[in-house]
Amino acid sequence: MEGLDAALGLGIRSVTIVTDYRPLHDYVGSPFLTCSVSAGRKLLNMIDHVLSVRKEFEQCEISLVEPSQVSYVVQLARDSIDAQIAKALTADSCKEKRETCTICLEDNDVSKIHVIEGCAHRFCFSCMKEHVKAKIFHGMLPACPQDGCTTNLTVEGSKIFLSPRLLEIMVQRVREGQTPLSQKMYCPYPKCSALMSLSEVIHLMQASSSKYTVADVDTLRKCVKCRGSFCISCKVPWHDGMVCDDYKKSYPHAVPEDARLRNLAKQQLWRQCVKCNHMIELAEGCYHMTCV
């Protein structure tokens, strides 16, 4: 009776009563048996109580065991209860180790939550990856996605959720952001296109080779990545034996893509900045251009 009352108090709705007392088992287990007065007042009270409490359960069965097996059955019951408690604790522990991402509103394991250095805002790896991917593909430096937060993301901190390819692009964007516009220089070889600053490019000294003229030394440079020679004045692969003015007259569009870009710009009414040569589209405002 104490066990049934405790089970109800714990919210348990399915139980099995185990007893070695046959009269209790027979009267409670069979709805067709009635308890005679000779059974004794104590047994009558017990049966009445059990039958009354039994109705509160969704499922309540009674099993008879031999007196010699009672200790074994009790141990089995204890082991079962211990296993259920351990399972519940594990479930609670796992639940505590999950966190809801405020972007996708999905529950994620805390090991898949990224904490941003500097501001400590937290988002799942998947959302962080998509956020950084969108920013770097639009040529921007990624910052914390939290509304109003201006903390910039670091390459080192982003390694945990970015693929090697995206990480490489992010490094490129960081370099672009740190290099002043007036110092930016891209390798003219299409298979390289490495970003350099004018102070980084390899300057070929006049004494390094007797075949180069003084004019060559002024404009001849080498890429820091592919070591390809190019003209720092024309921004094209090195035009050996030809001065810059003659080269520009002979090859006004040295790169085929340049000619296609200019044709497209003409169709779209784009204009080119006379200082930085960036192509500009008028989206709104006046016609005045201010070089960034």
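Me: Why does arginine 165 count as exposed?
Reply: Arginine 165 has 53% relative accessibility, and exposed means over 50% relative accessible area, buried under 20% and partly exposed in between (1.4 Å probe, protein chains only), so arginine 165 counts as exposed. This is a predicted model, in which local features need pLDDT of at least 70 and side-chain atom pairs count only at pLDDT 80 or more, while totals for chains, interfaces and linings use all residues. Residues are numbered from 1 along each chain as its sequence is written, and side-chain values use heavy atoms, with hydrogens and water left out.

Me: What makes glutamate 168 and arginine 165 a salt bridge?
Reply: Their closest N and O atoms are 3.9 Å apart. A salt bridge is a side-chain nitrogen of Lys or Arg within 4 Å of a carboxyl oxygen of Asp or Glu, so the pair qualifies. Glutamate 168, at 47% relative accessibility, counts as partly exposed.

Me: What separates glutamate 168 and arginine 165 in helix α7?
Reply: About one helical turn, because they are three residues apart in α7 (residues 164–178). Helices (H or I, at least four residues) and strands (E, at least two) are DSSP runs, numbered from the N terminus.

Me: How do you know that arginine 122 forms a salt bridge with glutamate 99?
Reply: The closest N and O atoms are 2.8 Å apart, which meets the cut-off. The pair links distant parts of the chain, strand β6 (residues 122–124) and strand β3 (residues 98–100).

Me: Why is histidine 131 called buried?
Reply: Histidine 131 has a relative accessible area of 17%, which is under the limit for buried.
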